[in-house]
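Here is a friendly tour of one model, meant to be read with the coordinates open beside it. Let us begin with a helix and what follows it.

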Amino acid sequence: MTAGNVLEISGLTLDLGGRRILGGVDLAVRPGQVHGLAGESGSGKTMTGLAALGLLPPGARTGGRIELEGTDLLTLPPRQLAALRGRSVSMVFQDPSTSLHPMLSIGHQLTDHLRHHLKLNRRAAKERAAELLTQVRIPNPLEALGRYPHQFSGGMRQRIAIAIALACEPKVLIADEPTTALDVTVQAGVLRLLRGLCDELGLAVLLVTHDLGVMSAIADDVSVMRHGLVVETGPRGRVLTEPRHEYTRQLLDALPGRSTV
Ligand SMILES: Nc1ncnc2c1ncn2[C@@H]1O[C@H](COP(=O)(O)OP(=O)(O)OP(=O)(O)O)[C@@H](O)[C@H]1O
């Protein structure tokens, strides 16, 4: 594993139901860095993220390596993998309702997580929960703990889902289309938050998105996937202004308001 990387994927292959989904993906993420993973629908972005969490569908067959701080996740026994998930690496999905329980208060969900994973007592868990809500810029965090998901806007719910993902201070956060379901007016705020967390906490963020505009707003490095392979990777400025691969060029040409990148 190369020094400076916290997550390093090399030669990752994935077969599902006899079909090759990933054909040898190489990808590396460093602490304090947002690495954008772009590509058309079906190119394998989500599967790459799920593989890094050990959350592939049943029957998945994998090859290659996914190293998290030197540990190969693909050869880890299921129990050890489960212990890492949510602690060293965690994920935020497109739709915050998938990670938030509609019938439980925010405080309940955050403290459950903290008590279960970090074995905090009730009081310490509540304090930490309020701290996490502050970190994701939820106003009046103590009061917010007593409220339910439907009492928050979509953007706020996504911030809360990010707070839950950060609860155990993971090294790597995989954010899969985290702003796609949100109103454009709140997208920028959530992206700024992710960027800030990355800078403040030294978090490594793998940002999966089909939207090169989102990518251009916060990514340090960008990788472009096509048909289960990373076809191009490099610093954002270079990839988005001087793409070397024909497919990256096509993606950029297809972007509305191309002048934004
Ligand atoms: N449970 C599954 N079983 C079999 N094949 C699957 C399963 N889930 C996804 N696939 C296939 O894996 C391939 C990669 O899908 P993936 O979701 O990773 O693409 P993506 O780049 O994230 O696309 P999108 O932006 O649409 O989410 C697709 O061809 C998809 O049909």
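## A helix and its surroundings

Just after helix α7, Gly-202 adopts a positive phi of about 70°. Please keep in mind that this is a predicted model. Helix α7 itself runs over residues 184-201 and reaches 26 Å from its first C-alpha to its last, close to the 26 Å expected at 1.5 Å a residue.

Which way does the helix face? Gln-187, Val-190, Leu-191, Leu-194 and Cys-198 of α7 are buried. They sit on the same side of α7 because they cover an arc of only 100° around the axis. On the other side, Thr-185, Asp-199 and Glu-200 are exposed.

| Element | Residues |
|---|---|
| α6 | 154-166 |
| β7 | 172-176 |
| β8 | 204-208 |
| α8 | 212-218 |

Strand β3 is also part of this cover, and Val-34 lies in that strand, which spans residues 34-39. Val-34 counts as buried because 27 other C-beta atoms lie within 10 Å, where 20 or more are required. Among the residues Val-34 touches are Leu-194 and Cys-198. The C-alpha atoms of Val-34 and Leu-206 are separated by 6.0 Å, although the two residues are 172 apart along the chain.

Now to the ligand. It is surrounded by 13 residues, and the closest are Ser-41, Lys-45, Thr-46, Met-47 and Pro-57. Helix α1 (residues 45-52) gives the most to this shell, with 3 residues. By type, the shell has 4 nonpolar, 8 polar and 1 charged.

Finally, an unreviewed UniProt entry annotates residues 7-252 as "domain: ABC transporter". Over that range the chain is 39% helix and 26% strand.

Definitions and conventions: Residues numbered from 1 in each chain as written. Predicted model: local features only at pLDDT ≥ 70, side-chain atom pairs only at ≥ 80, totals over all residues. Helix = DSSP H or I, 4+ residues; strand = E, 2+ residues; numbered from the N terminus. Buried ≥ 20, exposed ≤ 12 C-beta atoms within 10 Å, placed from the backbone. Contact = placed C-beta atoms within 7 Å. UniProt positions renumbered as here; feature names shortened; annotations may be inferred. Near = placed C-beta within 6 Å. Nonpolar A, V, L, I, M, F, W, Y, C, P; charged D, E, K, R; others polar. Expected span 1.5 Å × (residues − 1). Arc of directions from axis to C-beta. Lists of a residue's contacts leave out its neighbours within four places in sequence.
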